[in-house]
Amino acid sequence: MRRGHSAKLLLVWIAVFSTALVAGKLEPSGQIGSAAARSGVLRAPVTGDETAAPVLNPAIYHHVAQVIWVVSDIDRVVDYWQRLGVHNIHRDGMVSFPNLTYRGKRDSARAKQVTAYVGDLEIKWIQPGHGGRFWRDGLRQHGDGIRVLGYAVRSPQEFDDQIKYFSSKGVGVVVEDSWQGITGGGRIAYLDTAAQGGGHTLALIDEPDTRSGAAVGVGNEYPITKITHFAWVVNDVRKVDAYYTGLGFQPFSRIDHNVSLDRVYRGQPGTYEMWLGWDRTGDAPFEWVEQIIGPDVYVEYGKKHGEGFHHLGVNVSDMDEAIRQMTARGAPPSQAAAWKTSNGKGRAVYLDSEPYGGVTLELIYDPH
């Protein structure tokens, strides 16, 4: 009887102990649990990733790795730029994008694509066929042009962290795509920056196949051997500056009321003036142009395309000789200007390439 009574007491004690353990009142070690355990709520340990707020990584945005250039007649555009001197060209044919999404919804597409390299900048010319709403809407609303500047991340985690950062700033993803490469899966995300950011769509690229070393465009003809300048036409340069500053980028280094020397517009003396916003945080300057007084090529662009990407710049060592060469190839000057420096006179000449893809090529002579 006593043995049976003791057994019953033992069973009761085990039941009480088990109940307390399940309820979180005791830890397995027998010690009193944490405040969360005492309240009866069990939580997973908080990790560093959960507590640390996402941050902008400026190193990613130091170099433009890729431009997405959308056109309605890819063969006409590519043939023209090939005549101008871009020879490192790969005609990819009709390409399928089965994993493409637009604002979170499936948007599989087929498009004619050509890949080219100018220095370490990759150019993706795209002529949309089926699907690809972002590309098609851009063509309908703005015509041919460079729609996206892409920046390469160094790891999948870095890609995810930057997406989280922009999300925390209220900037979502417009387009996503993914693919299987030789060394792993690749991804790209277009961020929703164009409406407030002067027509500039910023993209992040996670591409393990090229992470070990970017391709370099060799075999191109001078002066189109390295892109040294990117520029947009915008409605309000100060609003664009404030927008990107609000996203965590450095404020523009300067906003100038520009009245250049030796102004020429389509063969006639120029009277144009503009506000120029400069971002010099990357390895190639960004220029944001708000036109004040025309006529000029910026007015022409705005009427045809609205806000958006205007020109690519290349440096030259002899402006007059470069003009002669490019005119012979089919790109005569459309506008010119100059400025004084301590080492002499700098010069900038826009070539009339806009009818072939919506992008103007600028020649830059800088005596520095």
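Trainee: Where is P223 found?
Mentor: P223 sits in the loop between β10 (201-206) and β11 (229-233). Helices (H or I, at least four residues) and strands (E, at least two) are DSSP runs, numbered from the N terminus. This is a predicted model, in which local features need pLDDT of at least 70 and side-chain atom pairs count only at pLDDT 80 or more, while totals for chains, interfaces and linings use all residues. Residues are numbered from 1 along each chain as its sequence is written, and side-chain values use heavy atoms, with hydrogens and water left out.

Trainee: And the peptide bond from Y222 to P223, cis or trans?
Mentor: The bond from Y222 to P223 is cis, with omega near 5°. Another cis peptide bond joins G294 and P295, where omega is about 0°. P295 lies in the loop between β16 (286-293) and α8 (297-305).

Trainee: What about R103, is its phi positive or negative?
Mentor: R103 has a positive phi of about 50°, although it is not a glycine. Most residues other than glycine have a negative phi, and most peptide bonds are trans. R103 belongs to the loop between β3 (101-102) and β4 (105-106). With a relative accessible area of 45%, R103 is partly exposed; buried means under 20%, exposed over 50%, and partly exposed in between (1.4 Å probe, protein chains only).

Trainee: Where does R266 lie?
Mentor: R266 lies in the loop between β13 (261-265) and β14 (268-269). R266 also has a positive phi of about 50° without being a glycine, and its 37% relative accessibility makes it partly exposed.

Trainee: Changing topic: which residues of α6 are buried?
Mentor: E158, F159, Q162, I163, Y165 and F166 are buried in α6. Seen down the helix axis, these buried residues fall within an arc of 160° (taken from the directions from the axis to the C-beta atoms), so they line one face of α6.

Trainee: Why would residues three or four places apart point the same way?
Mentor: Because an α-helix has 3.6 residues a turn, residues at that spacing point the same way.

Trainee: What covers the buried residues of α6?
Mentor: The cover includes β8 (173-180), β9 (185-191) and β10. F166, for one, is in contact (heavy atoms within 4.5 Å) with L56, Y61, V171, L191, L202, L247 and F249, leaving aside its neighbours within four places in sequence.

Trainee: Which residues touch the most other members of the largest nonpolar core?
Mentor: W125, L149, F166 and F230 do, in a core of 64 residues. Helix α4 (residues 74-84) supplies the largest share of this core, six residues. A second, separate core has 18 residues, including V70, Y102, V174 and I205. A nonpolar core is a set of buried Ala, Val, Leu, Ile, Met, Phe, Trp, Tyr and Cys residues joined through side-chain atoms within 4.5 Å.

Trainee: And β7: how many of its residues are buried?
Mentor: Seven of the eight residues of strand β7 (residues 145-152) are buried, so the strand is largely enclosed by the rest of the structure.

Trainee: Which strands pair with β7?
Mentor: Strand β1 (residues 66-70) runs antiparallel to β7 and is joined to it by five bridges; pairing requires that DSSP find at least two bridges between two strands. W69 has I146 in β7 as its bridge partner. β7 and β10 pair in the parallel sense, also over five bridges, and V148 has T201 in β10 as its bridge partner.
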